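Hi there,

Here is the structure I promised to pass on to you. Please have a look at it first, and then read my notes below.

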Amino acid sequence: MRIQIITLFPEMVLNLARYGVIGRALESGLVELHTLNPREFSTDLHGHVDDRPYGGGPGMVMCYEPLQKAIRKARGHEPNSRVVCLSAQGKLFGHEDVSRLRDYNNLVLVAGRYEGIDERLIEAETDEELAVGNFVVSGGELPAMLLIDALIRHVPGALGHEESARQDSFVDGMLDCPHYTRPGIVDSREVPEVLLQGDHQAIERWRKKQALGRTYLRRPDLFAKLELSEEQDDLLEEYLQEQKN
């Protein structure tokens with residue numbers, strides 16, 4: 001998988017990419033990460049890539065031509081490419097997008113700055129806009145890195161244990177179950193007894209129950225999309241009864 005980020009701050013992106021899952025995936029050659037700076041495509045003597053907005057108002061807007069040239073170079077002649085603009089106005093990024101975007105050979109992420117990007121550029125040269133939350137940050141670099149991290153977790157060989165990604169929250173439409181490690185008692189708080197008994201069937205049942213219950217209580221928006229089996233109905237009822245005790 002080849003990922004390219006169009007950004008005014010390539011050092012910011014590349015420094016973040018040195019660590020954790022992303023860094024290991026890059027070192028092992030599972031993923032390629034490249035940056036393109038729009039300033040390199042500016043025809044202005046000083047490398048300007050922004051100008052005042054038509055209609056007035058605060059801030060500056062990123063110009064059409066430098067971004068267009070950067071995107072077209074990044075897209076190249078690879079037919080299996082996707083150009084994504086990171087924008088607070090985009091569709092909210094979710095796990096279904098991870099499954100979809102990881103199938104592209106060449107993923108181009110446009111990280112805007114200032115007040116935004118000339119709308120004509122977004123319409124003409126990008127395939128979609130994605131947001132990572134209902135909030136605004138100063139640029140698209142951090143949202144791009146969040147998206148990349150989520151994608152790389154599902155690249156075969158990127159994680160130490162393949163089951164890790166399959167058991168993440170949202171993979172099956174629910175939140176993950178709680179996790180515990182040693183010691184068994186901390187500040188009078190104990191690890192649930194079922195996790196200490198070595199009964200793998202009972203442990204699996206407990207984890208399913210916790211995931212259902214947590215999703216029901218914490219993310220009703222996700223829970224509303226689930227179609228529960230008879231077993232899941234029973235597990236949820238059991239979980240809710242336990243919460244009352």
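Let me begin with a question: does K209 count as buried or exposed, and why? Keep in mind that this is a predicted model. K209 belongs to helix α8, which covers residues 200–218. Its relative accessibility is 5%, and since buried means under 20%, K209 counts as buried. Setting aside neighbours within four places in sequence, K209 has contacts with L235, E238, Y239 and E242.

Two or more lining residues come from each of β5 (81–92), α5 (119–125) and β7 (128–131). The element that gives the most is β5, with five residues. By type, the lining of this pocket holds 13 nonpolar, eight polar and four charged residues.

Finally, helix α3. This helix has 12 residues, 64–75, and spans 16 Å from its first C-alpha to its last, close to the 16 Å expected at 1.5 Å a residue. P66, L67, Q68, A70, I71 and A74 are buried in α3. Among the elements that cover these buried residues are the strands β1 (2–6), β2 (32–36), β4 (61–62), β5 and β6 (106–111), along with helix α5. After α3 comes G76, which has a positive phi, near 60°.

Happy to hear your thoughts!

Best wishes

Technical notes: Residues are numbered from 1 along each chain as its sequence is written. This is a predicted model: local features need pLDDT of at least 70, side-chain atom pairs count only at pLDDT 80 or more; totals for chains, interfaces and linings use all residues. Side-chain values use heavy atoms; hydrogens and water are left out. Helices (H or I, at least four residues) and strands (E, at least two) are DSSP runs, numbered from the N terminus. Ala, Val, Leu, Ile, Met, Phe, Trp, Tyr, Cys and Pro count as nonpolar, Asp, Glu, Lys and Arg as charged, and the others, Gly among them, as polar. The expected span of a helix is 1.5 Å times one less than its number of residues. Buried means under 20% relative accessible area, exposed over 50%, partly exposed in between (1.4 Å probe, protein chains only). Contact means heavy atoms within 4.5 Å.
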